[in-house]
Amino acid sequence: MNLNKIFKKEYKSKPTHCFDCGGRFEILGNHTDHNHGLCLAATASLSITCVLEKQDNLFVNLDSIGFGKISVDLSTLDYIDNENKSAAMIRGVAKYFVDHGYKIGGFNAVSNSTIFPGAGVSSSAAFELLIGQIFNELFNDGKIDKITLAKAGQYSENNYYGKASGLLDQIGVAFGNVVQIDFEDINNPKVQPIEFPFDDLVFVGVNTGGDHSSMNALYSKIPVDMKSAAKKMGVEFLREANLRKLEETKGLNDIEYDRSFHFYTENERVLKAVKALKNKDKTLFLKQMNGSRLSSTNYLKNMMVEGHYEGSPLEACDIAMSILKDEGACKINGGGFAGSIICAVPNKLVQKFMKIMSKKYGKNNVVLINIRKYGARSL
């Protein structure tokens, strides 16, 4: 798609800058960030690309291919009820920047996204980091660090987009490659970049469908159960205790125990997977991903809505593993209950895997996702 041509037709001038930003996918660390745990994330090749021209005003005009046109007046940064979601996210990022002493400004832009709906690679975080990087380079000489950009995206996500997410999505988008994220200090998470050494493995995202809007109560109950368990253990967050303390604590109900057990064992899987990546131990790496899937099924219990196996992520994983057997891995990607799974597929099985999964879920819902080396950037 020729964005320059579309821009010239729309704005009667030529764009002066080009930016792009990938999404993210979760390799390990499902539902651990909100209790200050460990995660392993990767920046996805599915991305948003944007061409633009800086303006000497506070208007952001954006023509997003397939999503329509918006105009955002940044002379006011307060939240506006029922505002277009993209406009709200732009306003939210701008608000965070201004509140923290950074500059903002206007621009005309045309964008296109290869992140399909339900891909589970966090298109909202990719958009927020794209906008943040545009403000960063156009008006702040590129001096804003990646964690600050991620926090601006999270602020916008929480307060303007209306989704109560941690920093996992935004950090996974911001850094590129694979990163281990330690949320022990949730306001200043530690991020360790890690190379992915397995050239004979590719990742495939499968969108199983399902309406996420009706599942907020299911999502929110997971951190509620974990924090309830933490309180009974005498701490605020599970990270402040350990598995032994969990096993010694009286008065936990089954779901509190199970979900907390997942938290502690998932953190161990992250550490083992990092070791596997550094030692180029593919067998150990795949074992951790598959272990996460089994833990999500048996303990976290977010692989399906109860009583609805057909069309669920659990069914998708069962089909995937019938193809991959012991040569690959798959797990939930994101909050769970519906939506997408992420699969590590050996090159020799990619064609067969894509064919079978596409027949079940449709070609548009099964996509190869490479690991992108860069976060949000100008081209």
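Reply: First a term: buried means under 20% relative accessible area, exposed over 50% and partly exposed in between, with a 1.4 Å probe and protein chains only. This is a predicted model, where local features need pLDDT of at least 70 and side-chain atom pairs count only at pLDDT 80 or more, while totals for chains, interfaces and linings use all residues. Residues are numbered from 1 along each chain as its sequence is written, and side-chain values use heavy atoms, with hydrogens and water left out.

Me: Is glutamine 133 buried or exposed?

Reply: Glutamine 133 has a relative accessible area of 8%, so it is buried. Its place is in helix H3, which covers residues 123-139. Helices (H or I, at least four residues) and strands (E, at least two) are DSSP runs, numbered from the N terminus.

Me: And what is glutamine 133 in contact with, leaving aside neighbours within four places in sequence?

Reply: Phe19, Leu149, Ala376 and Arg377 are in contact with glutamine 133 on that basis. Contact means heavy atoms within 4.5 Å.

Me: Staying with H3, at what angle does it pack with H5?

Reply: At about 55°, with the axes 9 Å apart; H5 is residues 168-175. Axes are lines fitted to C-alpha atoms, for helices over the stretch in contact, and angles run from 0 to 180 degrees between N-to-C directions. H3 and H5 are therefore oblique to each other. As for the classes, under 35 degrees counts as roughly parallel, over 145 as roughly antiparallel, 65 to 115 as roughly perpendicular and the rest as oblique.

Me: Left-handed or right-handed crossing?

Reply: H3 passes H5 in a right-handed crossing. A crossing is right-handed if the near helix is turned clockwise from the far one by less than a right angle, and left-handed if anticlockwise.

Me: Which residues meet there?

Reply: From H3, Ala125, Ala126, Glu128 and Leu129; from H5, Asp169, Gln170, Val173 and Ala174. Sorted by class, this contact of H3 with H5 has five nonpolar, one polar and two charged residues. Ala, Val, Leu, Ile, Met, Phe, Trp, Tyr, Cys and Pro count as nonpolar, Asp, Glu, Lys and Arg as charged, and the others, Gly among them, as polar.

Me: How many residues of H5 are buried?

Reply: Seven of the eight, so H5 is largely enclosed by the rest of the structure. They are Leu168, Asp169, Gln170, Ile171, Gly172, Val173 and Ala174. The cover over them includes strands S1 (17-28), S2 (38-55), S6 (178-182) and S7 (190-194), along with H3 and helix H4 (146-161). Just after H5, glycine 176 has a positive phi of about 80°.

Me: What about H2 and H3, what angle do they pack at?

Reply: About 50°, with axes 10 Å apart; H2 runs over residues 85-99. That makes H2 oblique to H3. H2 passes H3 in a right-handed crossing. On the H2 side the meeting residues are Ser86, Met89, Ile90, Val93, Ala94 and Phe97, and on the H3 side Ser124, Phe127, Glu128, Ile131, Gly132, Phe135 and Asn136. They divide into eight nonpolar, four polar and one charged.

Me: New topic. How many of the residues of H10 are buried?

Reply: Nine of 12, and H10 is mostly covered. Among the buried ones are Pro313, Leu314, Cys317 and Ile323. Their cover includes helices H9 (282-300) and H11 (350-361) and strands S9 (329-332) and S10 (340-346). Lysine 325 follows H10 and has a positive phi, near 50°.

Me: Where is phenylalanine 337 found?

Reply: In the loop between S9 and S10. Phenylalanine 337 has a positive phi of about 75° although it is not a glycine. Its relative accessible area is 5%, so phenylalanine 337 is buried.

Me: And lysine 280, buried or exposed?

Reply: Exposed: lysine 280 has a relative accessible area of 62%. The loop that holds lysine 280 lies between helix H8 (254-279) and H9. Its phi is positive too, near 55°.

Me: Last one: what does serine 45 touch, not counting residues up to four places away in sequence?

Reply: Thr114, Leu368, Ile369, Asn370 and Arg372. Serine 45 lies in strand S2 and is partly exposed, with a relative accessible area of 28%.
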